[in-house]
Every structure is written in C-alpha cells, then in structure tokens.
Amino acid sequence: MTMRPHLSLPKELEKFRKDIESTMQPTIKISTSTNKPTLFASKFAGYPYLPKNFEHPIDGKGNYMKLLAQINFEDLPRVLNDMPQKGMLQIFLSGDDDVMGLDFNNQTNQKNFRVIYHEDILKEGEVTTDFSYMTTFEDEHFPIGDEVSLSFSVNFEAVSTPDRAFDEFYGELDFEEIVGEDENGDEITLLELYEENLSNEGHKIGGYAFFTQSDPREDRSYKHYDVLLLQIDTDDDNEIMWGDCGVANFFIKVEDLKKLDFSNVLYNWDCH
C-alpha cells in the first residue's frame, strides 16, 4: 500500500489543514524522458501501436491523425479505482487543425480527436511497423514537438482552485483573508497562497485537474465526467505547448470507464 505523504503547507494555511487533507486523492504523476520508446511503450507523440487489421484514425478532412498519447496500462501503479489493469489507451489529434482537435460547441465530438482502447495487446509480428503512408502528414498545429517516453509514480494531491470540486469542498470556508503583500505591494489573499502551493499542474492521470481558465464541467451537460483520464501540460523541455502556455485534459464518466467505453470522452484545452 502506498503511504500518503505529509502535506507541506505555508503557515497561513495551517488552520485549514484538516479541511485540505480531507480532499486529498491519489494521482499518477507522469515523467518524461527522451529515451526512444517502442511501439508498445507509453509515450507522447511518435508512431502508434497499430494492429495490422486496424485502420489508422483520420480527421474530419480525411487526413491521418497523429498520436498525442499512448498509455500502456500495465505500466501504471495500481492506485486508481476503475482504471483498466491491462490494454493500451491512445489519443489521436488532427495535425492540421488550428484548435488542436477541439470542438468548442461539443467537447465530446471526436471528429478531430480520437480516443481508442485496445483491450488486448498483440505481439510484434501482428502490428504495423511501416508508417511510410504518413509522409504527407500535416502537423503544423500539433502541440508536441518530439516523441518522449513516459514513466509513472504515485502522488497525492489536494483539490486545486480551478477544479469544480473546490467550491464543493470549501463552500463554507473563507479564503479571502489578506495575509501579506507581494514585491509590488499588492495584497496577497489565502486563496492566492492556495493557488500557488496546491496548483496540480503537470502531466498526470487521475486526481484533480488543473486549468488556466475554468473547469468545463461547470456546464451541466458535462457534469458527470468525473474521472481525469489524462492531463498533458505545457512542457518547454519537451516542446509541448497548448496555445499560450496552456494545458489539456481528457475526462470520462465512471460508468463508461468501467465498461471500457472510450467513445464519450470530454476533451478540453485552455491557455492564458
């Protein structure tokens, strides 16, 4: 069993420690490496695991999509309820779409992004290895520069301020108390201290989401997308950029995850 670490808080937030600790959940932190991943590995970008009898996903213009992320569930620590124990999750994006596959009017529309799950992973001789057909592939608007390998570790985090759960947990607490001034003489509130110390940024699976703007699940039509399937943050070291230093999130309903049905996923990215 993974032990929950002691939560480090600035002294001004200590009076809310019990409340904050009560929100803590496990998350799987994703670290990146420039080591060359195989077709079967967990990674961002690169060539996908693709069974020979499986059609490469195409976007609304009929162009091949590019692999955004590939997660081999056998690589993950077993800390998240309802997450598959095996198989391969893939997310593809259109490389020729200036809004990076997102339909702002219907964020579950997989016309220019696609989420695919392979329950059983085939052997090497049964997958595509020749991707020469993608020589005309467009990737002008694709958010990731180069392929990177992924590794995973367990972390625990408290709810972040932009996650809709923040108000659900702390609706009765007052974080507006002024606790100091910044270097420009502007007042600093407890809420701003919270945002600075408990932001939940970075690449990860599960836990609470980070947004640069607002949680799309505040829209009633998206309120049941409770599970953070994947978060990919801006990452200068690995040439990952969502607009102006933004972040992308993919959410799924618990009942769909249990059924291994990834046809109804909420995709969001926002930036400053």
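1. Contact here means heavy atoms within 4.5 Å. With that in hand, the buried residues of helix α3 pack against α1 (17-21), α2 (165-170), β7 (178-181) and β8 (187-189). Helices (H or I, at least four residues) and strands (E, at least two) are DSSP runs, numbered from the N terminus.

2. Some ground rules: this is a predicted model, where local features need pLDDT of at least 70 and side-chain atom pairs count only at pLDDT 80 or more, while totals for chains, interfaces and linings use all residues. Residues are numbered from 1 along each chain as its sequence is written, and side-chain values use heavy atoms, with hydrogens and water left out.

3. Which residues of α3 (190-197) are buried? L190, L193 and Y194 are, buried being under 20% relative accessible area, exposed over 50% and partly exposed in between (1.4 Å probe, protein chains only). These residues sit on the same side of α3 because they cover an arc of only 100 degrees around the axis, taken from the directions from the helix axis to the C-beta atoms.

4. Strand β4 (residues 88-93) has six of its six residues buried, so the rest of the structure largely encloses it. M88, Q90 and F92 cover one side, and L89, I91 and L93 the other.

5. β4 pairs antiparallel with β3 (residues 66-72) over six bridges, pairing needing at least two DSSP bridges between the strands. K66 stands opposite L93. Six bridges also join β4 to β5 (residues 113-118), again antiparallel, with I116 as the partner of Q90.

6. Don't look for disulfides (cysteine sulfur pairs within 2.5 Å): the count is zero. The sulfur of C245 is 8.5 Å from its closest cysteine sulfur, in C271, too far for a bond. C245 is partly exposed at 36% relative accessible area, whereas C271 is buried at 16%.
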